[in-house]
Amino acid sequence: MAKKPVKYAVVDAFTESAFKGNPAAVCLLEEERDDDWLQALAMEFNISQTGYLTRMTEPEPLDSSATISTPRFRLRWFTPVKEVNLCGHATLAAAHLLFTSSLVKGNLIEFITLSGVLTARKVIEGDKSDAWKCENGEAQERFYIELDFPTVPMVEYNSAEVASISKALNGASVIDIKKTEKDDILAVLPSGKTVVDIEPQFDEIRKLPGRGLIITGVAPPDSEFDFISRFFCPKYGFNEDPVCGSAHCCLALYWSQKLGKCDFLAYQASPRSGILNIHLDEQNQRVLLRGKAVTIMEGCVLV
């Protein structure tokens, strides 16, 4: 029997502007597809992440706080070359698609993922009277989305790797190195300007151990931001991730210790760029990532 067409949308996450932030394809699955098909479609889209949503009609009793009335979806994330355990921007994109469609009611969604239960909350901007804007002749609700993610712990890293990391960053000075639980290297540079100006050597980054390389530095004093970052991940099919939500689950921990605060405005300095509003819940070791998104295309997969 022929498979049903799969509806999809491409959503730019962590931005208010089309063609900025980080694009993700979000596919709504009405029937099971095997992993080879999921990976092949992610390769066909050939952007940093493709998310697959499956509605869960009967919520599983995962914890005592779960409510049956909350819409629940299974969510998986694939890069062009493999499945990953956690992706912030594709989760934001999935939530945006659901909130702006007729698929969910209310302001809260639960996602069942390889990283456990993740929630997305719609937060209306300003007063109700100011919560609508007119675009293309149609009234659209103004809101941002708050994602509740686990922190990503870090450990000290082998200082012997400093030279190879510096080489991968075209000779830049590295003042601190950590290794994250997600198998990324976190390299701290002297300033946010250094992060912006880096010309990465992707062939050298591929030689580094682990998954990817996060670089970060404190933002300039006259900036509205607290810190600046970039994320390079050529082993996963994309040289630079435009805006990586999951990377900020370790960056929030790091900069909280350095800056002595728990609320941040962060800038990811990729060519597309993106802005994240972050709160670190130290007691529960959770990171609240807040951002906006824009749907730029919709269609159907026919095979």
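**Cavities, pockets, cores and helices**

Me: How many nonpolar, polar and charged residues does the lining of the largest cavity have, and what makes a residue count as nonpolar?

Reply: That lining holds eight nonpolar, five polar and two charged residues. Nonpolar covers Ala, Val, Leu, Ile, Met, Phe, Trp, Tyr, Cys and Pro; charged covers Asp, Glu, Lys and Arg; the others, Gly among them, are polar. The model is predicted: local features need pLDDT of at least 70 and side-chain atom pairs pLDDT 80 or more, while totals for chains, interfaces and linings use all residues. Residues are numbered from 1 along each chain as its sequence is written, and side-chain values use heavy atoms, with hydrogens and water left out.

Me: Which residues line the second largest cavity?

Reply: Its lining is formed by Val-152, Thr-180, Lys-182, Asp-184, Arg-211, Ile-214, Ser-246, Ala-247 and Cys-250, around a volume of about 50 Å³. By class, four are nonpolar, two polar and three charged.

Me: Why is H2 described as largely enclosed?

Reply: Buried means under 20% relative accessible area, exposed over 50%, and partly exposed in between (1.4 Å probe, protein chains only). Twelve of the twelve residues of H2 are buried, so the rest of the structure largely encloses this helix. Among them are His-89, Thr-91 and His-96.

Me: What makes the span of H2 close to the expected one?

Reply: The expected span is 1.5 Å times one less than the number of residues. H2, with twelve residues, reaches 16 Å from first to last C-alpha, close to the expected 16 Å.

Me: Why does His-248 count as buried, and why does Lys-193 count as exposed?

Reply: His-248 has 0% relative accessibility and therefore counts as buried. Lys-193, at 53%, counts as exposed. His-248 belongs to helix H6 (residues 248-259), which is mostly covered, with nine of its twelve residues buried. Lys-193 lies in helix H4 (residues 192-197).

Me: What makes a set of residues a nonpolar core, and which members of the largest one touch the most others?

Reply: A nonpolar core is a set of buried Ala, Val, Leu, Ile, Met, Phe, Trp, Tyr and Cys residues joined through side-chain atoms within 4.5 Å. The largest has 58 residues, and Leu-53, Trp-77, Phe-111, Ile-145, Leu-251, Ile-278 and Leu-289 touch the most other members. H2 gives the largest share of this core, eight residues. A second, separate core of 21 residues includes Tyr-157, Ile-165, Ile-198 and Ala-269.

Me: Which residues does His-248 touch?

Reply: With contact meaning heavy atoms within 4.5 Å, and residues up to four places away in sequence not counted, His-248 touches Phe-227, Ser-229, Ala-266, Gln-268, Leu-276, Ile-278, Val-287 and Leu-289.

Me: What is the volume of the largest pocket, and which residues lie nearest its centre?

Reply: The largest pocket holds about 800 Å³ of space. Of its 33 lining residues, His-96, Leu-97, Thr-100, Ser-101 and Thr-295 lie nearest the centre. Elements giving two or more residues to this lining include H2, strand S1 (6-13) and strand S20 (293-301), and S20 gives the most, five. The lining divides into 14 nonpolar, seven polar and twelve charged residues.

Me: Which strand gives the largest share of the lining of the second largest pocket?

Reply: That share, three residues, comes from S18. This pocket has a volume of about 320 Å³, and its lining has five nonpolar, seven polar and four charged residues.

Key:
On a 1 Å grid over the protein atoms alone, a cavity is a set of points where a 1.4 Å probe fits but cannot get out, and a pocket is an open set with protein on both sides within 12 Å along at least five of seven lines; lining residues have an atom within 4 Å of a point. Grid points are joined across faces, edges and corners, and a volume is the space filled by probe spheres set on the points. Helices (H or I, at least four residues) and strands (E, at least two) are DSSP runs, numbered from the N terminus.
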